There are 2 protein chains.
Amino acid sequence: IATGDEAQIQAAAATFNAADLAEFVEENPDNEEGVRLLRALTTEQSAKVFGYIGPNTQTLIAELLPTRDLAELVTAMPSDERADFFNLLDENRQHTLFQSLASKEREDLRRLASFEEGTAGALMSSEYAVISTGMSASAAINLLRNTAPDKETIYQAYVIDNQHKLVGAVSLRNLITAMPGTPVDDLIATGLVTASTETPQEEVARLISRYDLLALPILDQDERLVGIVTYDDAMDVAEEEATEDIHKGATVGKLETGLRDATPFSLYRSRVQWLVILVFANIFTGAGIAYFEDIISEHIALLFFMPLLVASAGNAGAQSATLMVRGMATGDVTVADWGKLLGKETLVASALGVTMAAAVMVVGFMRAGPDIAFVVAVTMIAVVMVGSLIGMLLPFLLDKLKFDPATASTPLITTIADVSGVLIYFSVATALLGLS
Amino acid sequence: IATGDEAQIQAAAATFNAADLAEFVEENPDNEEGVRLLRALTTEQSAKVFGYIGPNTQTLIAELLPTRDLAELVTAMPSDERADFFNLLDENRQHTLFQSLASKEREDLRRLASFEEGTAGALMSSEYAVISTGMSASAAINLLRNTAPDKETIYQAYVIDNQHKLVGAVSLRNLITAMPGTPVDDLIATGLVTASTETPQEEVARLISRYDLLALPILDQDERLVGIVTYDDAMDVAEEEATEDIHKGATVGKLETGLRDATPFSLYRSRVQWLVILVFANIFTGAGIAYFEDIISEHIALLFFMPLLVASAGNAGAQSATLMVRGMATGDVTVADWGKLLGKETLVASALGVTMAAAVMVVGFMRAGPDIAFVVAVTMIAVVMVGSLIGMLLPFLLDKLKFDPATASTPLITTIADVSGVLIYFSVATALLGLS
């Protein structure tokens, strides 16, 4: 492949998938070779491959390509990927590239690049297919045929009025199966699911998944059609959002790249904040233990059971919080459900508490005798219930206070459960064993 | 809507989305009303709505519908949804329903229902579009037009040989844009991405997302085309798998339904197992503390810092493990990357350890003087590094031993970090402070 014979590379590349070629380019530490591959491909092929390449490698390759080649490549990219790529470049490069583009692409780029990252506007493509009312089905198919090369999808065509407002949509499936003379007006589906340019991208993905859409039309403030988001972009967003939620669940902040490509510094930055916050939060647990130093020195055997009780509270709380945060993220549960869920959680938590108290009572009896075994069992029921209820309620509370419920991460819940666990344990011990 | 006027309900229903109607049926505690709605709709409409209804409500409604209506509904459902629904019924109902179906649907049902849950076979639909080599593009379009009503999608048509082996695929987009007389042979894409009936569903979703496919062809052991999985099913699977991974990360086992619909018993069962395992695992931490009782009683101030040190080890470990498990689930990192990642993790963990040691040293100095502050700072660096490395390596190790890497849940890592943290802390303390 490195010989540089264009025809040979093009033929070889045709048997590979664009996603696989992109991986080859990314995995190759020597970007020169990637550039050689991209330059050997036809412009359409290389634009497609380039779209699958991650942002880091895209930037590196852009620096190695002559501006004229880069402009050609960028022109052939779908408008949404083009805008994302453009936003990666520094101002100088943006300016040079901008000068070498045709005015149509410039206009489009300026518009798409202006939307905030993470919104439907930044995700959408402006290459949607449009047909007019009054056309026959066969005329509409003809129109789609002729405009197909520039469109992201022709499987959904949109009908707009003279103010560019969205009237409805017709699927190519319906156009094809209708009699050729049928007016498209008879085939239009109205009451479409739509989003606005400001809709957050996770909501866009949720709509596409919920309604099994091929593409979601995006409207501006004046209800005019300005773009579409297709299902394949929605799948990428859904994966990205799930990763972000999973990371948040363990107090890892936002990473711009995958773990493999992340720099040590970006990993450090994404992790350090919450670790330090939680160090200070844990001082309360230490203070709790210090407060009960007297009962501890008198019954030093109590210490043996502390980790197990405190951890159980945290683990049960982590389970509840995780169930709740994920349920809220997928739309399975809403804030309105909290009453019903509280009842269920109380029931489940008491059953769990009793089971675990039974398990721990045996150990307590063998290790420290009946008095401490009883203290440990009572504490276990209490801490599992308290931990579970905190885990369940905190996400709701955060949501009410306009925070992301996913902030109720497992380490945060564990820390809160630690403090509560220590206080409950030694209070129960003081009450039941007393100080001599 | 409850008046029962069929025409009125049909008209009203046409303005709603099937997914929304399904939600109406589900939210309505009185299933009679849902049944009335479904019966008032046309068979196609009600089959579509029924497909969006969750398994619990589906079963309840099936019991309220006369067998003949149910058979009609089931016949109109897409083959994959039909098979899933069929698997929900008890044997008696399955038998009765089976008798009332036409032989084509029976055959199809028998085949699809035989695949194991969670595989491509169980997910696929047998309603894919087929065209033959030798046809012209316009003849192929005509064929697709005529067979469209029975097909899951006509946007991808598959070409098979006389042994039913997959030769290639043609997109409707390419058929439409080609000159009408073009032979389909010139338009066929070969080297397709495919999966087998046994491929796990998460792998199917990953392929569809990675290659931006509309549909993935599924082959049997003899490489014959037996079905397709479409992108909308892949989106549902991806969400389901992300939920399962998130739950596993907090030791919550598999739930058949969402949190809102889960019974208290199913929640109890999904949570109790790991909670009890971890109770016993935490006995080791208790034993560790008991072992060091002497140094603790001599320097009781050490107890104050224990929660904070032990929790930091767990939190740092949870971060590493979560990053690693998710990276492996999305395919971002593979087992082969472990060497490179180990180096990066060591670097990041030492930077984190030093930062946190600095934070905690101040507190240590103020609370307990220079000696203990020094012990605490040294311990912090050590435990953050040990916790992070355990968190990073455990998922790899589990994968090597053929376990799911997601078993390296935050609570499990926290427990391991607790034991290590206690041992390291009091060993360092013994070494630096000594016993008098």
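The structure is a predicted model.

**The whole interface**

Begin by selecting both chains and displaying the residues at which they touch. Chain A contributes 105 residues to the contact, and chain B contributes 105 residues. Together the two chains bury an area of about 9700 Å², and carbon and sulfur atoms give 66% of that area. Within chain B, select R173(B), R271(B) and L323(B): these residues supply 8% of the area that chain B buries against chain A, more than any other three residues.

**Polar and charged pairs**

Next, show the side chains along the interface. Across the interface there are 55 residue pairs in polar contact, with both residues at pLDDT 80 or more. On the side of chain B that touches chain A, 62 residues are nonpolar, 21 are polar and 22 are charged. Side chains of opposite charge can pair when their charged atoms come close.

Which residue of chain A meets R271(B) in a salt bridge? Select E345(A): its side chain pairs with that of R271(B), at 3.0 Å from N to O.

Then select D20(A) and R210(B). These residues form a salt bridge in which the closest N and O atoms are 2.8 Å apart. D20(A) belongs to helix α2 (residues 18–27) of chain A and R210(B) to helix α13 of chain B, so this pair joins two chains.

**Helix α14 of chain A against helix α14 of chain B**

Now select residues 231–248 in chain A and in chain B; these are the two α14 helices. Their axes lie 11 Å apart, and the helices pack at an angle of about 5 degrees. An angle under 35 degrees counts as roughly parallel, and α14(A) and α14(B) are therefore roughly parallel to each other. On α14(A), the contact is made by Y231(A), A234(A), M235(A), A242(A) and I246(A); on α14(B), by Y231(B), A234(B), M235(B), A242(B) and I246(B). By class, this contact has ten nonpolar residues, no polar residues and no charged residues.

**Helix α14 of chain A against helix α13 of chain B**

Select M235(A), D236(A) and E239(A) in α14(A), which meet A205(B), I208(B) and S209(B) in α13(B). This contact has three nonpolar, one polar and two charged residues.

Technical notes
Residues numbered from 1 in each chain as written. Chains lettered and ligands numbered in written order. Predicted model: local features only at pLDDT ≥ 70, side-chain atom pairs only at ≥ 80, totals over all residues. Heavy atoms only, no water. Contact = heavy atoms within 4.5 Å. Helix = DSSP H or I, 4+ residues; strand = E, 2+ residues; numbered from the N terminus. Nonpolar A, V, L, I, M, F, W, Y, C, P; charged D, E, K, R; others polar. Buried area = accessible area lost by both parts, 1.4 Å probe. Salt bridge = Lys/Arg side-chain N within 4 Å of Asp/Glu carboxyl O. Polar contact = N/O pair within 3.5 Å; in protein donor to acceptor, adjacent residues only side chain to side chain. Axes fitted to C-alpha atoms, helices over the stretch in contact; angles between N-to-C directions. Parallel < 35°, antiparallel > 145°, perpendicular 65-115°, else oblique.
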